[in-house]
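Reader: I would like a close look at one part of this model. Please take me through the place where the two chains meet.

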Number of protein chains: 2
Amino acid sequence: MIPEPTGSPRSEAFAKIDPKFQMTVRDHVHRTLRAAILAGRFATGEKVNERSLAEQFGVSTTPIKEALRQLETEGLVEALPRRGVIIRFDMGWAEEMILARAALESMIAHLAAKRIGKPAGVELTAIADLMAKATSSADADSLISLNEQFHEHIHRSSRCGYLAKLIERQQFYDASIRRVIHMDPAERQKALEEHTAIAKAIVTGDADLAERQMRNHVVRSGETYLNIVFGNKKDI
Amino acid sequence: MIPEPTGSPRSEAFAKIDPKFQMTVRDHVHRTLRAAILAGRFATGEKVNERSLAEQFGVSTTPIKEALRQLETEGLVEALPRRGVIIRFDMGWAEEMILARAALESMIAHLAAKRIGKPAGVELTAIADLMAKATSSADADSLISLNEQFHEHIHRSSRCGYLAKLIERQQFYDASIRRVIHMDPAERQKALEEHTAIAKAIVTGDADLAERQMRNHVVRSGETYLNIVFGNKKDI
DNA sequence: ATCTGAAGTCTGGTATATCAGATCCCACAC
DNA sequence: GTGTGGGATCTGATATACCAGACTTCAGAT
């Protein structure tokens with residue numbers, strides 16, 4: 001699992017830490033605020049005060065400002081010059097994030113179907129098989145992890161770094177919500193069928209089919225999440 | 001064109017300035033750097049130095065940092081904590097930006113076809129008609145402006161604020177490149193046909209058709225841009 | 001009572017200072 | 001020659017200071 005430098009005799013070598021994993025204050029603030037916004041802990045339109053945030057986090061305003069700039073670019077807050085920043089997230093916004101993710105994931109699935117190699121295809125099928133097992137044994141934790149691996153693997157197979165990054169930013173639910181989803185056996189089964197079909201389409205190189213199925217999967221499961229997070233309603 | 005407050009007797013009233021139009025140093029830096037990166041004035045992987053940028057712009061590092069944070073979230077630079085930021089833009093990245101835009105614009109076209117009202121549909125048709133006129137008279141400036149209005153109008157008709165914002169960030173060519181494109185009569189004609197077909201599909205409410213046509217339009221015209229900006233090559 | 005505008009306050013934008021991780025260089029040991 | 005490590009230096013991360021635009025309040029004028 002952990003990559004190991006070659007030729008380190010006698011003693012175990014330690015894996016190099018990815019610089020990206022180092023935590024800075026601004027990243028912490030960014031992640032924390034992002035999670036809070038997506039969890040609905042702010043009302044849309046609500047003003048946030050830089051100094052007050054700085055005080056709450058116990059830091060200066062500099063990293064706060066940087067985090068807010070990131071959230072602004074993500075579209076979760078709006079900055080009015082010299083006036084302040086206001087939260088921009090509600091059910092409509094969440095719906096659109098799902099649509100964006102559907103559009104992008106389906107595009108990436110299309111490319112993955114065209115570009116995936118033989119060994120990666122075997123791996124993807126293997127992940128789908130593990131999902132089948134975890135589904136029948138109702139292993140929610142494994143399902144959450146496998147789900148992540150599944151989409152991850154498709155992203156890698158598509159060889160699209162930019163698109164993969166973009167998709168990450170369209171995620172608004174976390175592991176705890178996923179766990180709730182996987183409680184429902186019908187939902188588990190439905191998701192399994194979709195994942196299996198997507199894997200098959202990608203591995204057999206049917207790009208258009210993979211694209212359609214991925215889109216439907218993301219939209220459908222997204223609606224399930226929406227209902228849980230915001231109560232119910234329907235449109236799209 | 002300019003909205004006018006009601007009931008201002010005797011003298012012309014001035015439209016309120018949208019606070020978003022106010023320029024701050026960080027916005028200026030952000031836009032300038034973004035344009036420079038997208039114009040290929042940095043090599044991908046190149047390191048940029050905050051102090052040096054601050055000096056070049058004649059400002060302090062604070063707005064520079066904020067602008068870099070925005071670019072980071074846009075995916076145009078990568079920040080390695082405590083090490084600096086490096087440029088991340090090359091032809092592959094540009095291709096993916098086009099694909100992202102294609103995915104998102106087609107999604108928004110789909111929604112616009114479902115949600116557009118009668119009057120907005122008439123307007124869209126009118127824009128398409130103006131495009132036909134501008135095409136036959138080879139009026140490049142009008143075409144550029146109309147093209148903008150066309151997509152703008154579709155965005156509004158879809159009633160998707162988030163998606164529209166997201167799409168804006170996938171734009172990597174500017175008016176000057178567009179002008180080059182519109183020099184070519186064949187390209188002009190092709191674009192007109194596509195725009196006309198998209199408008200028709202949206203106005204008649206054929207969401208799936210609108211989606212397909214928009215996607216093809218964005219990918220095809222994107223490839224034209226790519227060839228101009230990066231020389232030629234093909235894949236996708 | 002309503003409107004106007006001057007003064008005070010709040011708060012974001014920018015500049016500057018300081019701290020600490022990362023990198024580079026070179027002397028010194030093997 | 002190779003490599004190890006101490007220290008100088010560079011530079012990003014954070015804290016702090018200061019400025020100016022925006023909002024609030026309220027006295028005075030009409």
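How many residues does the contact take from chain A, and how many from chain B?

Author: The contact takes 44 residues from chain A and 43 residues from chain B. Keep in mind that this is a predicted model.

Start with the area. Chain A and chain B bury about 4,300 Å² between them. Carbon and sulfur atoms account for 58% of it. In chain A, the residues that lose the most area to chain B are T73(A), P81(A) and Y162(A). Together they make up 17% of what that side buries.

Now step back to the chain itself. Chain A has 10 helices and 3 strands. Along the sequence, the pattern reads α-β-α-α-β-β-α-α-α-α-α-α-α. The C-alpha atoms of chain A fill a box of roughly 60 × 55 × 35 Å along the principal axes.

Next come the polar links. Between chain A and chain B, 14 residue pairs are in polar contact. Which elements of chain A supply at least two residues each to the side that touches chain B? They are α3 (61–74), β2 (77–80), α4 (91–115), α7 (161–168) and α10 (207–230). The largest share comes from α4(A), with 13 residues. Sorted by class, the side of chain A that touches chain B has 18 nonpolar, 8 polar and 18 charged residues.

Charged side chains also pair up across the interface. The rule finds 4 salt bridges between chain A and chain B. Over all chains, the count comes to 24. One cross-chain pair is E66(B) with R69(A), whose side chains meet at 3.0 Å, N to O. E66(B) lies in helix α3 of chain B and R69(A) in helix α3 of chain A, so this pair joins two chains. Another salt bridge links E211(B) and R215(A), at 2.4 Å, N to O.

Take helix α10 of chain B, which covers residues 207–230. Does its length agree or disagree with what its residue count leads you to expect? At 1.5 Å a residue, its 24 residues should span 34 Å. The end C-alpha atoms are 33 Å apart, which agrees. Just after α10(B), G231(B) takes a positive phi of about 80°.

Finally, compare the two copies. The same surface serves both copies: of the contact residues of chain A, 98% recur in chain B.

Terms used
Residues numbered from 1 in each chain as written. Chains lettered and ligands numbered in written order. Predicted model: local features only at pLDDT ≥ 70, side-chain atom pairs only at ≥ 80, totals over all residues. Heavy atoms only, no water. Helix = DSSP H or I, 4+ residues; strand = E, 2+ residues; numbered from the N terminus. Expected span 1.5 Å × (residues − 1). Contact = heavy atoms within 4.5 Å. Buried area = accessible area lost by both parts, 1.4 Å probe. Polar contact = N/O pair within 3.5 Å; in protein donor to acceptor, adjacent residues only side chain to side chain. Nonpolar A, V, L, I, M, F, W, Y, C, P; charged D, E, K, R; others polar.
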